[in-house]
Amino acid sequence: MLRVSEGDEPVELAFQPRYGQVAAYEWFGDGYILLGFTAGFLVAVSTHPKEIGHELFQLQPHPSGLKHMAIAADADLAATAGADGQIKLHSLTAGETKRVLNAPGATNLTWSSDGQLISASCTAGIAVFLACLPTVAAADSSRAAILTSLSEVSVTEPNFQEPLSSVRLVVEPSWVAVGPAHVAAGMNNRAWFHRLSLSAEEVATKEYLSRVSCLKLNSRVAAALCAGRVHVHTIEDVAAEAVVPEDESDGRVTAHEITNEALVYGTDVGVLAIFHLQQWRLVQRYRHSCALKIVSTEASGSRVAFLDDHHQVFIFCPLTESVIAVDASPSTEGILWDSWPGEAAFLVTFDSQQASGHVFLRDSVRGSYAEAVASPTKLPNGQRPLWLAGGEMGLHGPDGRLNRIMLEGHAAVLRLPDSLDALLSLRRYKEAWSAAVERPQLKKLAEAALYDMEFEVALRAFRRLKDAGMVRAVEAAAEAEDRFESAGMAALCLGQYDIAEHAFLQSDRPSAALEMRSSLLEWPRALELAASLAPDQVPLLAKQFAQQLEFTGEHAQALAQYERASGQVDCRAGLARCALRCGDVRRGLSLLDETASVDLLRECATILESGRHLPEAASLAERAGLYERAAELHVRLKNWPKVAQLLPRVTAPRVHAQFAKAKEAEGRYAEAVAAYVTAGDPEAAVRLLLEKLRRPEEAVKIVKETRNPEAAKQVARFLRSAGDATSALQLLVWCGCASEAFEFARQAGEMALLGRLLAAEAASDGAAPIAQLLEVARHFEAEQDAFLAGKFLHLAGESQRAVQLLLKAAAVGHKEALEVAVEAAAAAQHEPHLADQVIQFICGDLDGVPKDFSLVLRLYLTRGQLEEAAQVAVLMAEEEQKAGNYRAAHDTLLTAHQQLRARGGSPPEALRSRLALLHSYILARLHVRRGQHLMAARLLSRVAANISKFPAHAVPILTSAVIECGRAGLASTSFRLASMLMRPMHRPHLDPKYKRKIESVVRKGLRDPEAPEPTSPCPHCLQPLPEYELACSRCKNNLPFCIATGKHVVRDDFTLCPHCEFPAIASGFSELLETENVCPMCGAEVETAALSTLEDLSEYLKV
Ligand SMILES: [Zn+2]
Ligand SMILES: [Zn+2]
């Protein structure tokens, strides 16, 4: 092999010896050599430098020997002649044998120039064979008409083994055509029409004016393309005939297609025209930008796909006159629509290598569109798609046979029938519905269906997903009357806002786009839309935009938008805020007129503060009523006069504290003190009062008010140094400074004072500072002061030790100690032996000296030992009475009586009767003074009857009784008592003043019998009894006496002293109160009006 241009050394190609000798060889393609060997081998080798000598393929078609070979490169064929008497045809690209021809003795092969015929020298002469049939074929739906020999056309259907029809022709046709009812073939300007049946009878022949390049049929009409025009006519009769286009300016027809209703053609000037076969006239004419090369119509005629001169594919919808681009390969040579009725609008575009599927959607949220389905499908070599049905392509190859192949997308569905993605890519929603089971699948299906506006499917899916919100939204979208509005609403559901906007803008209600952007808060776009759609809404939208910007902190932009929105409510506030934020303080403040709300003022104050415009912030804060904030800002500004002005309205302690510090630093102590006090810092206030102002009284006052321990300590130190130990100690105790107080008291020798203060504190507070009291007690114990030690132990609740120490002190004559001991014993409720110890001490059991019995009485009463208390009271009264202290005795009994009653006890008879007697004596003296002689006489005679109980005054009492009885006319009583006085035990003690008088009474003797004592009813049984009788002779009850008259009480004239609650005869008490204004029993002042009458006396009659 020699490279001619370079004259190099030749390259020798050596082959395997088994091939034999080279019988023939020939170049083909781009640098390949095909060699035939005598041993029957056929070998293709490459001469490219990189792969030189590399065998592309190797065959042994004639094992008995190869005689000759020849190549028809255009037909992709090589022919070999063998010693076996056969000629074999091989594909050059596939390297395989395709056909075998019988030609005994054949050699010297020669191809015709078009590669269709091959001649050979045979035994019988030169033989010529048809190597390759011309690719003459046509299809209607999946029905194909192909040339099976040079003069025979067969019509086949994919599902039938046998041809539907076979037509023998008189000539070799240059084209064939097939329709629903006919098959046609022709050459030059002639055409033959045969019925599509087994007999295939010829129904017509037609001669056209010029050569036919292509002919199309429907069931009735034929359309022949002759010299750039379409000749359209009925087939079986000559009912109608036309030639289009009529207008030469429409150019020359380059492609045409016929459906049942219409003829569609495209021209070299870009006209796409529809000629209606019923109306027999041109009905539609669309002008494309450049020449059309291919036209393909969907069976129904509702979509026309075309390929233009710029290698672009489009779909034209006659109904809407819209043109949709298809994303097809630039090398596209053909277009086929799927003829299967169940398929969505589906088409393939193809070239010699591959076919690509596309679905066409007329309605979707973004209008009509075409979308590629799956990856392109590779086509077998040399084969060309003829028809497409249900994703299956019928292919026609150079060998004249029909081949079938499934497109990628459809093959995927066949492989995986449940693949939702594959089904959705083909828009097979019905099957997809069955395949969608899981929620994510349903969602995907729903969204895909919604995108394509398949509302029914989408609704079903969303319902199954229980997505009520989407169901409602999709229902609304489905019901919208305007298709674009419907699309917009669907896109909105999908969150495809730009698509939605586009659709809304095309609809009858473009404002929906604005509404959508507003509700999405996409203010800039909303504003753009509003500018054209609804200029009146611009200010409102600008305001909302401004608010959003302000919220996100883009204040400069917010300011600009607020300006755009001027006139809107609240804009002024926004403007003010943003101006302040942007540092334009003057403008911001100028916007805050009287109408500015408090909230706005507060906001602005905060803004100014954060921007360090403190004076302005302070002034706004004050305007907004934020006095504290304002004051704090003035503090930061050291604007003290202003702070002082604001202080009365400020409660925050820190402001006052700051102010106070400032004032102190200025030396204005009085103001500082006041501020410290308000700030709750009494320590600082006291410090200034003591150290700077020298006003200790005020310091003391502050300490007393605040009880602040630290302040108290300061003041105490000051007072102590000034010599006022009492006040100092007082303050320390008050403020609970225990250790300081104790230490101070110890040093100052004021421990007793401390104890008293502590005790007073305990009394007023109710809670004794126990630990301190014990400490004080221990101090006195150490000092051997039994009384004080005991007293404080008692106050601290240490009763036992207290009583011991107190009795010890009392034993050496400390009177107060005994009283405190009684208190301590009385308080120790659970330690009765202490009371016993004290009583024994008082009774003198220990030292033989009886002490004050009233203490015993107090102890018994306090301890609730009522019987013992009553006994002691009677005993004490007896002693008093013996000594002639009748009033004291009376009062002792009265007190005991009242305390016993107050403690729920009933005073014993001994106490009551003695009290009655003593009270009768006191009453008698009262009535003598008041001149009530009869009453005095009766009472004195009651006393005289018990004269032994008044030993100290027996004679004077009897003397008064005689005199009073005499005055009252009680002669016999007077005589009886006077006789008593004449007895030797009394006579020597008679007052000489009365001696003669008494003697004369006795002398006169019992002359006049006295009137009997008046009666009144017994309050119990109503038996009439003498007025002064205190025991009923009938019911044997003891009767209560009247505290005013001494008579027994009666039911219907009964009252009580409002103070001591002793009973009285109401009339008698009232009469007494006319001259005396006090109760004769308890001595309390009583108003007549305060006396009440009682219905139920039972409680007061129990005696
Ligand atoms: Zn009675
Ligand atoms: Zn009274």
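Predicted model: local features only at pLDDT ≥ 70, side-chain atom pairs only at ≥ 80, totals over all residues.
Residues are numbered from 1 along each chain as its sequence is written, chains are lettered from A and ligands numbered from 1 in the order in which they are written, and side-chain values use heavy atoms, with hydrogens and water left out.

Let's start at Met1, which sits in the segment before β1 (22-28). Strands here are DSSP runs of E with at least two residues, helices are runs of H or I with at least four, and the numbering goes from the N terminus. Met1 has 31% relative accessibility, so it counts as partly exposed; buried means under 20% relative accessible area, exposed over 50%, and partly exposed in between, with a 1.4 Å probe and protein chains only. Between Met1 and Val11 the C-alpha to C-alpha distance is 4.7 Å, with 10 residues separating them in sequence.

Next come the sheets. β5-β6-β7-β8 is the order of an open, antiparallel sheet of four strands, where two strands pair if DSSP finds at least two bridges between them. β5 (66-72) and β8 (96-102) are the edge strands, each with a single partner strand, so one side of each has no neighbour in the sheet. From one strand to the next, the twist averages 20 degrees. Inside this sheet, six bridges link β7 (residues 86-91) to β8 in the antiparallel sense, and Ile87 has Leu101 in β8 as its bridge partner.

Further along, β13 (residues 143-149) and β14 make a hairpin with two residues between them. Five bridges hold this antiparallel pair, with Thr156 in β14 partnering Ala144. How much of β14 (residues 152-156) is buried? Four of its five residues are, so the strand is largely enclosed by the rest of the structure.

Another open sheet of four strands, also antiparallel, has the order β16-β17-β18-β19. Its edges are β16 (175-178) and β19 (202-207), each with a single partner strand, so one side of each lacks a neighbour in the sheet. Neighbouring strands of this sheet are turned by 15 degrees against each other on average, direction ignored. Five bridges connect β18 (residues 190-195) to β19, and Ala191 stands opposite Lys206 in β19.

Now for a helix pair. The axes of α30 (residues 815-827) and α31 (residues 832-842) come within 8 Å and cross at roughly 150 degrees; axes are lines fitted to C-alpha atoms, for helices over the stretch in contact, and angles run from 0 to 180 degrees between N-to-C directions. The two helices are therefore roughly antiparallel, a label for angles over 145 degrees.

Finally, the zinc ion (ligand 1) has Cys1018, Cys1021, Cys1032 and Cys1035 as its protein donors, each through SG, at 2.0 to 2.4 Å. Donors are N, O and S atoms within 2.8 Å of the metal (3.2 Å for Na, K and Ca). The angles among the four donor atoms are 102 to 125 degrees, and the site is tetrahedral, which requires all angles between 85 and 135 degrees. In sequence, the donor residues follow the spacing C-x2-C-x10-C-x2-C. Cys1021 lies in the loop between β39 (1015-1017) and β40 (1024-1026) and Cys1035 in the loop between β40 and β41 (1054-1056), so this pair ties together parts 14 residues apart in sequence. Cys1021 is partly exposed at 22% relative accessibility, and Cys1035 is partly exposed at 26%.

Conventions:
Tetrahedral: all angles 85-135°; square planar, octahedral: opposite > 155°, others 65-115°. Parallel < 35°, antiparallel > 145°, perpendicular 65-115°, else oblique.
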